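The sequence and the coordinates are shown first.

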Amino acid sequence: MRYIGRRLLHGFLLLVGVSVLSFVFADLAPGDYFSELRTNPRVSAETVAALRAQSGLDRPLPVRYAAWVASVLRGDFGYSLAYNSPVGPLLWGRVRATLLLAGTATILAWLMALPLGIWNATARGKWGDSVSKVVLSFLLAIPELLLAIVFLMLAVESGYFPAGGMVSPGWASLNGPERVGDVAWHLALPVAVLVLGMLPTLVRHVRASMAEAIDSPFALSARAQGIPRRRLLFRHLLPAAANQLISLAGFSLGTLLSASLLIEVVMGWPGLGPLFLEAIMARDFAVVLAVVMLSASFLVVGNLLADILLYRMDPRIRMK
Amino acid sequence: MSRRTKIGAALVFLGILHGLAIFAGFLAPYPYAEQHREFPYLPPTRIHWSGLRPFVQDGARRYPIQFFVHGRLVGVEAPGVIFLLGSDAYGRDLFSRLLYGGRVSLLTGLLAAFLSLGLGLALGTAAGFHGGWLDQILMRAGELVMALPWLYLLLAVRAFLPLHITTVQAFFLLIVIIGGVGWVRPARMIRGVVLSARERGFVLAARGFGASDAYLIRRHILPLTLGVVLTQATVLIPQYILAEVALSFLGLGVSEPVPSWGNMLAEAQQYHALVAHGWMLAPGLAIIPVLLGYLLLADTLLESRNQ
């Protein structure tokens, strides 16, 4: 338990650090939402100053930081000047969409990578392993951005899949199961791109750590004792390889979210990515800060979950 | 294939690809911004042969392809045009733009990787060799940088910098952002190497003979980091090329009319009838051989380091 407590504290401190740093950077940034207004001859300098005072942009940095932290603790991420609405409600739908996309893709990718990687590790040196290695290397060299564009193009051309977005226009009038089906139909392409992007790396790591377990002395002795192959693979070797794989899952979260950002933008998936981009273009720092904090918390929470899982799975960590 | 041949082949392949971009000024039939407004979205020009002499045809007129004209490898007499990969919305030659765009994208990858390896080497060596508070500060700072998903971090840093800047400024800004943000991973790995090197017998012996820190680092420690630096370079360069492509694609990097593979792809995507103009995807496809080359290099280097 002390181990988990330490990890929790560590994650919390990281988030505090990120928030302070991004606040300072946002302050140093030239221009804010109102700097465009200032160049407009029809808006007087006094109006701009008044607007800035109204949104609290003229107060000193520590005061603003304290106020921001206080409001974030109340679940309020400030006020978006570009969208003219509180940031909170703006965010939640986006967070749900991003998590739905990234979560589905992660589960599917692991479900495919585990059997494939295990099979490759057992078939090392045979043609099946070589073929899958070549195919996966080639897949690794295709940028997700290109995949997303091509998939979208094929979707538009064939008409089998929607051309982006998360729901069809008449979604509100559908009933429960139809709504789920509609979202799943929209989810298919972005998830496919994400899975194809993740798969080569995952398979490679599964193969490597399983190969290590297979070559270990305890695997040899287990085989000598006549433990059936399947039981050996899944009951003895997979748990031994799991340590590295769980670390990888936590570690690859950042890559996953980054890839997801691009795919969301290309495919019009209403997640955090497009919102982030729009906020940057509009210099809407309240939204930028909120998205930065959220993406950092995804990583911190993801790594924390991986740590807890490791703690449960690997007795070596519990002993420390 | 032996490992040596593999590395050699990958290097030659990458050399050719980079050479194509470097000599864009000679190889490209047109300057990157030259517009032929009368030919928007022209499909790739067909090349005909009369005997051994190639020519292009426009209606009934024939324009022979000339070599070494106006300081360029190929060209045809106006009003004939030669668009080897077709043209874009403004009738600009996609092939020429691809070569010039490769300059921007590949150079960003190389320079940014150079920057972050340099930073990683300096900070990693400092942290590993000095240890103590310096190590603590640098490693905690590294954790802060790694606390954000990579692309979110790049965008956030970009967000806090001016949006409207010239192309040259944007180019250097990209290098500084991408390279500056990427120091953590190389620094950590180099720190690990330095930590173990510091305790090696010959280093301790040299120290016992009164060698200064600067001498130890230069003569004994830095050479040991070479392997890590090289493998990291082969991993980072393609990653940074993709970063440039992503940022320019999103409109936060190099902007029109200067081409980069990223902003060229953005153009392709904007145009919803990409179906009808498939050649607009060329910049995206051009990334694939570059990534393959670096992958082969990285894999081979890793293999030889593991044995």
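How many residues of domain 1 of chain A are in contact with domain 2 of chain A, and how many residues of domain 2 do they meet? In this predicted model, 21 residues of domain 1 of chain A are in contact with 18 residues of domain 2 of chain A. On the domain 1 side, the elements that contribute two or more residues are α1 (2-28) and β1 (79-80) of chain A. Of these, α1(A) gives the most, with eleven residues. By class, the domain 1 side of this contact divides into 13 nonpolar, six polar and two charged residues. The domain assignment places domain 1 at residues 2-87 and domain 2 at residues 93-319 of chain A. The centres of the two domains, taken over C-alpha atoms, are separated by 33 Å.

**The two chains**

| Property | Chain A | Chain B |
|---|---|---|
| Helices and strands | 14 helices, two strands | eleven helices, four strands |
| C-alpha extent along the principal axes | roughly 85 × 55 × 40 Å | about 85 × 45 × 30 Å |
| Residues counted as buried | 32% of 320 residues | 43% of 307 residues |

In chain A, 72% of the contacts between residues at least 6 apart in sequence join residues at least 24 apart. In chain B, residues 24 or more positions apart account for 72% of the contacts with a separation of 6 or more.

**The contact between the chains**

The contact between the chains takes 30 residues from chain B and 39 residues from chain A. On the side of chain B, two or more residues come from each of α4 (132-146), α5 (150-159), α9 (213-249), α10 (261-270) and α11 (282-306). This side of chain B has 27 nonpolar, two polar and one charged residues.

One of the contributing elements, α5(B), is mostly covered, with nine of its ten residues buried. The buried residues of α5(B) include B:Trp150, B:Tyr152 and B:Leu154, and B:Arg158 is also among them.

**The largest nonpolar core**

The largest nonpolar core holds 158 residues, and the members that touch the most others are A:Leu145, A:Ala148, A:Leu262, A:Val288, B:Leu154 and B:Ala246. Domain 1 (2-87) and domain 2 (93-319) of chain A both give residues to this core, so the core lies between them.

Which residues does B:Ala246 touch, leaving aside its neighbours within four places in sequence? B:Ala246 is in contact with A:Leu145 and A:Leu262 of chain A, and with B:Leu151 and B:Gly262 of chain B. Both A:Leu145 and A:Leu262 are also listed among the core members that touch the most others.

**A helix pair in chain A**

Two packed helices are described by the angle between their axes and the distance between the axes. Helix α12 (residues 272-281) and helix α13 (residues 285-313) of chain A pack at an angle of about 145°, with their axes 9 Å apart. Their crossing is left-handed. From α12(A), the contact is made by A:Leu272, A:Leu275, A:Phe276, A:Ala279 and A:Ile280, and from α13(A) by A:Val287, A:Val288, A:Val291, A:Leu294 and A:Ser295. By class, this contact has nine nonpolar, one polar and no charged residues.

**Two individual residues**

Is B:Leu98 buried or exposed? B:Leu98 counts as buried, because 23 C-beta neighbours lie inside 10 Å, and the cut-off for a buried residue is 20 or more. This residue is found in helix α3 (residues 94-130) of chain B. Leaving aside neighbours within four places in sequence, B:Leu98 is in contact with B:Leu85, B:Ala282, B:Pro283 and B:Ala286. B:Leu98 and B:Ala28 are 70 residues apart in sequence, while their C-alpha atoms are 8.8 Å apart in space.

A:Gly159 lies in the loop between α7 (144-158) and α8 (176-214) of chain A. A:Gly159 is exposed, because 9 other C-beta atoms lie within 10 Å, and the cut-off for an exposed residue is 12 or fewer. A:Gly159 and A:Leu91 are 68 residues apart in sequence and 31 Å apart in space, C-alpha to C-alpha.

Definitions and conventions. Residues numbered from 1 in each chain as written. Chains lettered and ligands numbered in written order. Predicted model: local features only at pLDDT ≥ 70, side-chain atom pairs only at ≥ 80, totals over all residues. Core = buried A, V, L, I, M, F, W, Y, C linked by C-beta atoms within 7 Å. Domains from an automatic or database assignment. Contact = placed C-beta atoms within 7 Å. Axes fitted to C-alpha atoms, helices over the stretch in contact; angles between N-to-C directions. Left-handed = near helix turned anticlockwise from the far one by under 90°. Nonpolar A, V, L, I, M, F, W, Y, C, P; charged D, E, K, R; others polar.
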